[in-house]
Amino acid sequence: MMNDRQKSDCCTVAMKAMNKPEGRGAELPERRRQAEGNTPEPCTRRTQSRISVSQGLERVRERATARKQERFTALLHHIDAERLRAAYLVLKRDAAVGVDGMGWQQYGEHLEGNLAELHERLHRGAYRALPSRRQYIPKPDGRRRPLGIAALEDKIVQRAVVAVLNAIYEADFLGFSYGFRPKRSQHDALDALAFGIARKRVNYVVDADLTSFFDSMSHEWLMRFLKHRIADERILRLIGKWLKAGVMEGGELTVSDLGTPQGAVVSPLLANVYLHYALDLWAEQWRRRHCRGAMILVRYADDVVVGFEHEAEAQRFMDDVRERLAKFALSLHPDKTRLIEFGRDAAARRARRGLGKPETFNFLGFTHICSTSRTGRFQLKRYTRRDKLQLRLRDLKERLRQSRHAPVHEQGLWLGQVMRGYFAYHAVPNNSRRLHAFRYHVLDLWRRSLQRRGQKDHTTWHTMTRLAAEFLPLPRVVHPWPEQRFLVTHPRWEPSASVAPARICAGGAQ
């Protein structure tokens, strides 16, 4: 009898004999070196949605990080049927429809066939972009913001393309850029700004506002910027189709060489690419060449706030950035762009000159104010913008009017969801007064709406107090102090943490 070791040796010999060809084995083909900028077809993995997705984007991300000057020549193959399916699944179910009139549910009735046909058209070059449908939303100043609602298939393809391009550009974008980026939120930008003002010697703030940025982007410059990293002509043609598709309003098609529709899935990424080359890289170089004092910079999409130690440098930056943006068909809003005295010593300096309190500025829905704590130390306070609060209440008033005769229970559940969503964003430290005011006004609007349900209605405040206790949540601060969260998000032991000016100017890790 054979022991275990002898059995193992026999099995190994038998396997080698089976794998060895009977004649002269074929010569192994020579391996070809991969083209510059291309990525190999990788293995796949399972996700929580049980969809097998490509890991190739991780290779793209690694290559983009290691080679900052490399141009990627083959990217379209990453947009396969599985990535299109994933893009479809993350779209909003109840989003407004575009000019095609196709809704999310309707498209999903024959999802596999639709995606297979869309994938075939994409790689055959037969895909055609449809114009966006124009829609307007009110702004706090009484004007209306134009939005472009893309067709459903355009949303799917744009979402897939954005997923691929993010793997490249997330390695390029600078740390102080926060708008519409993965794992970065508005509160991250707010925390970085508050941390910079509290920790750095900020005495002046430039509150910059770009005039109609999304409507002013030059298509020519945008395509030139994209070609710095993208050499796949098929991807560039796709983006060109979306830019040239135009906007449909009132049955009339408008096509322009400027702008990209707000509301389109691909627009935020294109805006970040445009401002990365037109503003961010230049601002980082300007800080190193011309700034002798402290400087902080935070940008969220086209909202830019820059802090300076010296007034002369702040004024020079305003003049230089205005000249810089003009080269790329952009401009600063003459009325909304301001240079204000702001910071820990602003109140004392202005008091010595016989001036009033420091001016305030708005950023991402909050009014930023120079104040003091109970111990008399400087404290940056952030309150919900008054005009934003009033606009939200007017919108709720109109929606309550439309659903006036709905059951009270349904109205209460809906208002509770609205308030929880509102508190989730605005419940920051020192903002409790505005939160309580919002809850009170919502309850008052609800009371008036219920009283108009009939001529003999006798809804009293006692009744509303009972309804509020049942349906409306109480205000509660859910966000930590900005310095605490910023230090947790960007710990001091990270690389480059010792370089304080660059670190804080970036608003986090580069």
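Mentor: Helices and strands here are DSSP runs, numbered from the N terminus. The model is a predicted one. Arg-385 sits in the loop between β13 (378-384) and α14 (386-402).

Trainee: Why is Arg-385 called buried?

Mentor: Buried means under 20% relative accessible area. Arg-385 has 18%, so Arg-385 is buried.

Trainee: Which residues is Arg-385 in contact with, leaving aside its neighbours within four places in sequence?

Mentor: Asn-362, Gly-365, Phe-366, Thr-367 and Arg-434.

Trainee: Which leucines of α14 are buried, and what covers the buried residues?

Mentor: Leu-389, Leu-391, Leu-393, Leu-396 and Leu-400 are buried. The cover includes β3 (132-138), β13, α15 (408-426) and α16 (432-451).

Trainee: Next pair. What makes α6 roughly parallel to α11?

Mentor: The axes of α6 (residues 152-169) and α11 (residues 267-290) cross at roughly 25 degrees. Angles under 35 degrees count as roughly parallel. Therefore α6 is roughly parallel to α11. The axes come within 11 Å, and the crossing is left-handed.

Trainee: Which residues meet there?

Mentor: From α6, Val-162, Leu-165, Asn-166 and Tyr-169. From α11, Leu-269, Val-273 and Tyr-277.

Trainee: How many residues of each class does the contact of α6 with α11 have?

Mentor: The contact has 6 nonpolar residues, 1 polar and no charged ones. Val, Leu and Tyr count as nonpolar.

Definitions and conventions: Residues numbered from 1 in each chain as written. Predicted model: local features only at pLDDT ≥ 70, side-chain atom pairs only at ≥ 80, totals over all residues. Heavy atoms only, no water. Axes fitted to C-alpha atoms, helices over the stretch in contact; angles between N-to-C directions. Helix = DSSP H or I, 4+ residues; strand = E, 2+ residues; numbered from the N terminus. Parallel < 35°, antiparallel > 145°, perpendicular 65-115°, else oblique. Left-handed = near helix turned anticlockwise from the far one by under 90°. Contact = heavy atoms within 4.5 Å. Buried < 20%, exposed > 50% of the residue type's maximum accessible area, 1.4 Å probe, protein only.
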